Structures are given as C-alpha cells and as structure tokens.
Amino acid sequence: MHQHTKVILVAGASKSRIPAIRAALKAGLANVLITDHITAQSLKAEVNAPASI
C-alpha cells in the first residue's frame, strides 16, 4: 500500500496573508489548505482571473 504524506496549511483571517498562502501552495509546501471562506474566495478569484499579458 502506497502512503501519501499530507502537509496541512492552516491560514486565513486576513487578506495580508494571501500572498504567503499562495506562495506556499505554489512551492508545494502543503497539499491541504484549511482556511476561511473569504480567503478561499480570494484565492479562487486569482486562479480564475484572466491572465494579463
């Protein structure tokens, strides 16, 4: 049986933390995020935003 290690990042409650959360996820430092709905919506909006050239 192959085991996957879960690395959990718990962060939120302030828009000032969004850049650090985004950086940690992009760097692969965590594969599970626990956050509040406002932070989640902000991160999702960034992912769904059209790329600027």
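Okay, let's start with a pair of residues: the side chains of Arg22 and Glu46 meet in a salt bridge, 2.5 Å from N to O. Arg22 sits in helix α1 (residues 18-26) and Glu46 in helix α2, so this pair ties together parts that are 24 residues apart in sequence. By salt bridge I mean a side-chain nitrogen of Lys or Arg within 4 Å of a carboxyl oxygen of Asp or Glu. Search the whole structure and you find one of them.

Before going on, a word on the model. It's a predicted one, where local features need pLDDT of at least 70 and side-chain atom pairs count only at pLDDT 80 or more, while totals for chains, interfaces and linings use all residues. Residues are numbered from 1 along each chain as its sequence is written, and side-chain values use heavy atoms, with hydrogens and water left out.

The cut-offs are under 20% for buried, over 50% for exposed, and partly exposed in between, using a 1.4 Å probe and protein chains only.

Now the overall layout. The protein has two helices and two strands, and along the sequence they go β-α-β-α. The radius of gyration is 13 Å, well over the 10 Å that the globule rule gives for 53 residues, so the protein is more spread out than a compact globule. That radius is taken over C-alpha atoms, and the rule is 2.2 Å times the number of residues to the power 0.38. The helices and strands are DSSP runs numbered from the N terminus: H or I with at least four residues for helices, E with at least two for strands. Buried residues make up 17% of the 53.

Let's look at helix α1. Which of its residues are buried? Ile18, Ile21 and Ala24. Down the axis of α1, these fall within an arc of 130 degrees, so they line one face of the helix; the arc is that of the directions from the helix axis to the C-beta atoms. Here's the general idea: an α-helix has 3.6 residues a turn, so residues three or four places apart point the same way. On the other side of α1, Ala20 and Lys26 are exposed. And what covers the buried face? The cover includes β1, β2 (32-34) and α2. Just after α1, Gly28 takes a positive phi of about 75 degrees.

On to α2, which spans residues 37-48 and holds Thr39. Thr39 counts as buried, at 3% relative accessibility. Leaving out residues up to four places away in sequence, Thr39 touches Gly12, Ala13, Ile18 and Ile21, where contact means heavy atoms within 4.5 Å. With neighbours within four places set aside, Ser42 is in contact with Lys15 and Ile18.

Last stop, the surface. Ile8, Val10 and Ile34 make a nonpolar patch of about 290 Å². Patch residues have over 30% relative accessible area and no salt bridge, with like charges joined within 9 Å and nonpolar side chains (Val, Leu, Ile, Met, Phe, Trp, Tyr) within 5 Å. The areas come from the Shrake-Rupley method with a 1.4 Å probe; for residues, only the protein chains shown count as cover. Val10 belongs to strand β1, residues 8-10, and is exposed at 60%.
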